[in-house]
Each structure stands twice: as C-alpha cells, then as structure tokens.
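Student: I would like a close look at one part of this protein. Please take me through it piece by piece.

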Amino acid sequence: MSMLNHQIQGEGPKVLLIHGLFGDKANLNGLAKTLVQDYQVIQVDLRNHGESFWSNQMNYHLMAADVAQLLSHLKIKQLHVVGHSMGGKTAMALALTQPQLVQSLTVVDISPVRYEHKHTKVFDALCSLPIKQLDSRNQAIAHMQQQQIDIGTTQFLLKNLKKEQDGYRWRMNLDVIEQQYQQIADWPFSDETYSGPTLFIKGELSEYMLPQHQQQVVNHFPNAKAKVINGTGHWLHAEKPKIFHKLVGDFLTNCY
C-alpha cells in the first residue's frame with residue numbers, strides 16, 4: 001500500500017493534524033506552530049490531496065485506514081487527533097474504527113452526519129478552468145471570480161495549481177474527488193462509539209454543525225464537549241487563530 005505524505009516536527013506527546021477537502025497538510029500550519037513547542041506534531045496529506053497518492057476510491061473507512069497504516073509505519077501506538085471538516089470526519093472515523101489509537105479527538109466544524117451537496121459551485125468553477133491553456137495564475141483567479149467564487153476561497157483552492165515546465169496541473173486528484181463526492185459528504189457509521197475525551201469546535205456562523213446534529217454527536221461520542229468561536233464561519237482556524245489555538249491547546253493539556 002502507498003503511504004500518506006506527511007511531516008513531523010517537535011518532541012513530546014504526539015498530535016496528528018488532518019486537513020479538509022481541497023486542502024493539504026499546510027492548512028493547519030498555524031496550529032502546528034503553536035503546538036510544536038510542547039508536542040510532536042504530525043501533519044498529513046490525505047489521499048488524492050497534496051503530495052499523497054492518488055486512488056479511484058475515497059471514503060472514510062479507507063481514509064481512516066490510511067491514517068492507521070501511517071501510524072503503524074511510524075510505530076505510534078496512540079496520539080491526539082485534530083481534524084477540520086473532511087479531516088474531522090476522517091478523525092472521527094479513525095476514533096470509531098480504531099479507538100485504541102486515539103488518545104483524544106478534536107473535531108473542527110463538522111458533524112458525524114451525511115450532508116447534502118455543498119460544493120456544486122466550486123466543482124463547476126474548478127472543472128471548467130481551462131488548465132491546459134493557462135498562461136498565469138492570474139488567469140485562473142479571473143476565471144474563478146467570473147464563476148462567482150470569492151477571493152478567499154479562490155486563493156485557497158488555487159494552492160492546488162502546480163506550475164510545471166509545460167504549464168499547470170492540479171496537485172489534487174480533482175476528477176476522482178468530484179466522482180467520489182457523495183462518499184465524502186456521507187457518514188457511513190451507525191452504532192460505533194468512541195468514549196475518549198472529545199471536543200467539537202464550531203464556527204458560530206457556519207452551517208456545518210447544527211442543533212439537530214447534537215443527538216448524533218452524543219450517540220457516537222458520549223464524552224463530547226463543544227465550544228463555539230463567535231463571529232467565525234467554517235474557516236474558524238484562519239479567521240480567529242489565537243482563540244482556536246488556545247481552545248485546542250487547553251483541551252490537549254486537560255487530557256492528561
């Protein structure tokens with residue numbers, strides 16, 4: 001099997017950081033820089049993202065197994081896991097399928113539920129980008145703005161554009177991510193539980209964590225606590241990083 005691309009820095013108790021859809025291991029760099037003073041921080045690229053391997057299949061059983069395989073390779077028996085969005089679902093999947101690996105779980109702005117399609121506009125914009133004809137990144141930005149994708153989201157998405165000698169290519173496996181999107185939006189677990197310490201962090205203005213999800217959270221994670229960061233949306237770690245870093249750091253400290 002192929003191994004997830006990853007980087008490790010620092011010493012101390014181990015913490016794994018897992019990015020969201022269209023992201024890579026750099027997405028949680030701010031948190032990593034804060035934690036690395038006290039922890040050994042492991043950041044990964046999930047399959048079909050960043051510099052990790054491409055596969056025609058994407059679901060949470062497979063993505064959790066990818067992480068477990070990496071931990072086995074690194075001879076890590078247990079660690080703290082933090083995941084944002086799709087990475088939060090992957091972190092939850094790891095905790096539910098291999099709870100012995102997860103010392104604590106931090107889930108950032110996602111619930112253990114199936115979502116309706118939230119990314120139609122983004123996929124339309126990305127898939128209609130004439131990547132083979134691109135002469136510059138500015139052309140790509142102009143295209144995304146014509147498709148009414150805001151500049152912040154555009155800059156995030158276009159981190160996946162890689163310039164090569166003969167033009168540009170996607171670092172992410174866009175075709176498969178689109179094909180497998182229903183699996184990414186899905187939640188394939190029903191009765192499994194993880195009873196370790198668990199923190200859910202919600203962006204106040206985000207629609208990814210809603211009151212009607214609370215029972216599902218408690219069913220899977222009976223020891224879950226929740227915190228809300230006011231005035232933030234789904235990208236709370238970028239919008240109010242100091243508050244986010246403190247919430248995660250305090251939670252990890254209290255897990256001993």
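Student: What covers the buried residues of helix 4?

Tutor: First, the ground rules. This is a predicted model, where local features need pLDDT of at least 70, side-chain atom pairs count only at pLDDT 80 or more, and totals for chains, interfaces and linings use all residues. Residues are numbered from 1 along each chain as its sequence is written, and side-chain values use heavy atoms, with hydrogens and water left out.

Now the helix. Helix 4 spans residues 120–127. Helices here are DSSP runs of H or I with at least four residues, strands are runs of E with at least two, and both are numbered from the N terminus. The buried residues of helix 4 are Val-122, Phe-123, Ala-125 and Leu-126. Buried means under 20% relative accessible area, with a 1.4 Å probe and protein chains only. These four lie on the same side of helix 4, because they cover an arc of only 165° around the axis. The arc is taken from the directions from the helix axis to the C-beta atoms. An α-helix has 3.6 residues a turn, so residues three or four places apart point the same way.

The cover over those buried residues includes helix 5 (137–146), helix 6 (151–157) and helix 7 (174–179). Helix 8 (181–185) and strand 7 (167–170) are also among the covering elements. Contact means heavy atoms within 4.5 Å.

The largest pocket holds about 680 Å³ of space. A pocket is an open set of points on a 1 Å grid over the protein atoms alone, with protein on both sides within 12 Å along at least five of seven lines; lining residues have an atom within 4 Å of a point. Points are joined across faces, edges and corners, and the volume is the space filled by probe spheres set on them.

The largest pocket is lined by 31 residues. Closest to its centre are Lys-118, His-119, Tyr-208, His-234 and Trp-235. By class, 16 lining residues are nonpolar, nine polar and six charged. Nonpolar covers Ala, Val, Leu, Ile, Met, Phe, Trp, Tyr, Cys and Pro; charged covers Asp, Glu, Lys and Arg; the others, Gly among them, are polar.

Note on methods. Buried means under 20% relative accessible area, exposed over 50%, partly exposed in between (1.4 Å probe, protein chains only). On a 1 Å grid over the protein atoms alone, a cavity is a set of points where a 1.4 Å probe fits but cannot get out, and a pocket is an open set with protein on both sides within 12 Å along at least five of seven lines; lining residues have an atom within 4 Å of a point.
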